[in-house]
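Open the model in your viewer and keep the sequence panel beside it. We will go stop by stop, selecting a few residues at a time.

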Amino acid sequence: MLVEVCANSLESALNAQKAGADRIELCSELGVGGITPSYGLISAVREKLEIPIHVLIRPRSGHFTYSDFEFKVLLRDIALCKDIGIDGIVSGVLNADATLNIERTRQLVTASKSLPFTFHRAFDWIPNPNEALENLENIGVDTILTSGKHLTAERGIETLNGLNAQAKHITIMAGAGINLSNVDFFKEIGLKAVHLSGTMFENEVSLNRKIPMNSQNHLAEHHVAVTNTNRIRQIVQSVK
């Protein structure tokens, strides 16, 4: 069974390799489901790692319906990863109603060309996963990362089993809540891949009398935080 580790830093990537992981998915900001890591991190991991590196191509947190500009960013990030020598791409696009955006996902697969392509957990928002699986196979996606449309893969194991039975060419990779106590369940139903971060908190510092830097105002999956022109104009006019 292939074990993919979602690594958020060079240290995490090296630890995954040392532990025997088959490959990593490199990303940043696990707390929001992951976004595309920086050029510096991607290149540093490429220099140090010997196991395959797949990179998450997701320009922001929130939903998976992207503007034209955001989609161009996705394509540019894929080109950058190919230039660096990354081994695989992880991405995907949905329509506003959470159905699979076939054309834009096809463009991402085409841009990735010879690299393996994983459709990420946006799949778990899709209302008809069986139809989406068929469409993803038709456009050349290699792997689907999914929790079986549940909060954790263990809860979604029946759906995962059904998807795995339906899949002809795509690898169904279970992700979300994978740990030592449940990983064997996925092997027993015949899945060939699991995805986990295996994280623990380290490098602790004291926050005594420190103001918080995390902001709930910018964490909302149903919309995207964008600088408002009128608000900024009013401030600029006020001080100028």
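The tour below starts with the strands and then moves on to helices and single side chains. Keep in mind that this is a predicted model.

**Stop 1: the barrel**

Show the strands as a cartoon. Eight of them close into a barrel, in the order β1-β2-β3-β4-β5-β6-β7-β8. Their pairing is parallel. On average, neighbouring strands of this sheet are turned by 25° against each other, direction ignored.

Now select residues 2-7 and 23-26. These are strands β1 and β2, and they pair in the parallel sense over four bridges. Show the side chains of Glu-4 and Arg-23. Glu-4 stands opposite Arg-23, which belongs to β2.

**Stop 2: two helices across the strands**

Select residues 39-48. This is helix α2, which lies across β2 and β3, the latter at residues 53-56. Helix α2 runs at about 170° to β2.

Next, select residues 102-112 for helix α4. Helix α4 lies across β4 (88-91) and β5 (117-119). Its direction is at about 155° to β5.

**Stop 3: the buried side of α4**

Stay on α4. Which of its residues are buried? Select Arg-104, Thr-105, Leu-108, Val-109 and Ser-112 to see them. They sit on the same side of α4, because they cover an arc of only 145° around the axis.

What do these buried residues pack against? Colour α3 (68-84), β4, β5 and α5 (129-138), and you have the answer. Then step just past the end of α4 to Lys-113. Here phi is positive, at about 50°.

**Stop 4: the cysteines**

Select the cysteines and show their sulfurs. A disulfide is a covalent bond between the sulfur atoms of two cysteines. How many disulfides does the model have? The count comes to zero, with a cut-off of 2.5 Å between sulfurs.

Start with Cys-27, which is in no disulfide. The nearest cysteine sulfur belongs to Cys-6, and it is 3.4 Å away. Cys-27 counts as buried, because its relative accessibility is 0%.

Move to Cys-81. Its sulfur is 12 Å from the closest cysteine sulfur, in Cys-27, so the two are too far apart for a bond. Cys-81 is buried as well, at 1% relative accessibility.

**Stop 5: an aromatic pair**

Select Phe-64 and Trp-125 and show their rings. A search of the whole structure finds one aromatic pair, and these two residues form it. The pair is edge-to-face, with 5.0 Å centre to centre and 70° between the planes.

Where does each partner sit? Phe-64 is in the loop between β3 and α3, while Trp-125 is in the loop between β5 and α5. The pair links distant parts of the chain, as its members are 61 residues apart.

Is Phe-64 buried or exposed? It is buried, with a relative accessible area of 9%. Trp-125 counts as partly exposed, at 35% relative accessibility.

**Stop 6: Pro-129**

Finish in helix α5, where Pro-129 lies. Pro-129 counts as buried, at 9% relative accessibility. Show what surrounds this proline. Leaving aside neighbours within four places in sequence, Pro-129 is in contact with Phe-123, Lys-149 and Leu-163.

Pro-129 and Lys-149 are 20 residues apart along the chain. Their C-alpha atoms are separated by 8.6 Å.

Terms used: Residues numbered from 1 in each chain as written. Predicted model: local features only at pLDDT ≥ 70, side-chain atom pairs only at ≥ 80, totals over all residues. Heavy atoms only, no water. Pairing = 2+ DSSP bridges. Axes fitted to C-alpha atoms, helices over the stretch in contact; angles between N-to-C directions. Contact = heavy atoms within 4.5 Å. Buried < 20%, exposed > 50% of the residue type's maximum accessible area, 1.4 Å probe, protein only. Arc of directions from axis to C-beta. Phe/Tyr/Trp six-rings, centres within 6.5 Å; stacked < 30°, edge-to-face > 60°.
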